[in-house]
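Morning, everyone. Please look at the screen, and I'll walk you through a few spots.

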Amino acid sequence: MKVYSYKNIKCITGLGITFMDGYNIVFEECRKEWSKAKKIDITESHCVAERDLLAKEPYFLFYSKDRVKIIFNNKGIFSKKRNRYQFHKLHMILNGFGKRSFDMT
């Protein structure tokens, strides 16, 4: 499993997420892997990840073949607020592209 900080995201499009080092998450691959892992028909889900806002480090775990975890790990006085803001921002971006994530909280 690969682990990236939210700060390492270069761009997010309707097709996937690109990180600063050039690595890509492809949403369609995640949807296929999610369906396979959960033993459901791919036509029944638009889910690409699971998420947990209440984890020690909030995260999204994308179901690509090599699972990719995006963590929210800001430090400092307002880190909790900033982590929650960025978490919700990613959630809303995914929803805007018609992608879903499963809530693990």
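Let's start with a term. A disulfide is a pair of cysteine sulfur atoms within 2.5 Å. Keep that cut-off in mind. And remember, this is a predicted model.

How many disulfides does the structure hold? It holds 0. Take Cys11. Cys11 is in no disulfide. Its nearest cysteine sulfur belongs to Cys30, and that sulfur is 15 Å away. Cys11 itself is partly exposed, at 33% relative accessible area.

Now Cys47. Is Cys47 buried or exposed? Buried, with a relative accessibility of 8%.

Next stop, Asn73. Find the loop between β7 (68–71) and α2 (79–96); Asn73 lies there. Its side chain makes a polar contact with the side chain of Ser5, at 2.8 Å. What else does Asn73 touch? Leave out residues up to four places away in sequence, and the list is Ser5, Lys7, Glu57 and Asn83.

Hold on to Asn83. We meet that residue again in the largest pocket. That pocket has a volume of about 160 Å³. Its lining is made of 13 residues. Which of them lie nearest the centre? Ala55, Lys56, Pro58, Lys80 and Asn83. By type, the lining has 5 nonpolar, 3 polar and 5 charged residues.

To recap: 0 disulfides, Asn73 in polar contact with Ser5, and Asn83 both touched by Asn73 and among the residues nearest the pocket centre.

Conventions
Residues numbered from 1 in each chain as written. Predicted model: local features only at pLDDT ≥ 70, side-chain atom pairs only at ≥ 80, totals over all residues. Heavy atoms only, no water. 1 Å grid on protein atoms, 1.4 Å probe; cavity = no way out; pocket = protein on both sides within 12 Å on 5 of 7 lines; lining within 4 Å. Points joined across faces, edges and corners; volume = space filled by probe spheres on them. Nonpolar A, V, L, I, M, F, W, Y, C, P; charged D, E, K, R; others polar. Helix = DSSP H or I, 4+ residues; strand = E, 2+ residues; numbered from the N terminus. Polar contact = N/O pair within 3.5 Å; in protein donor to acceptor, adjacent residues only side chain to side chain. Contact = heavy atoms within 4.5 Å. Buried < 20%, exposed > 50% of the residue type's maximum accessible area, 1.4 Å probe, protein only.
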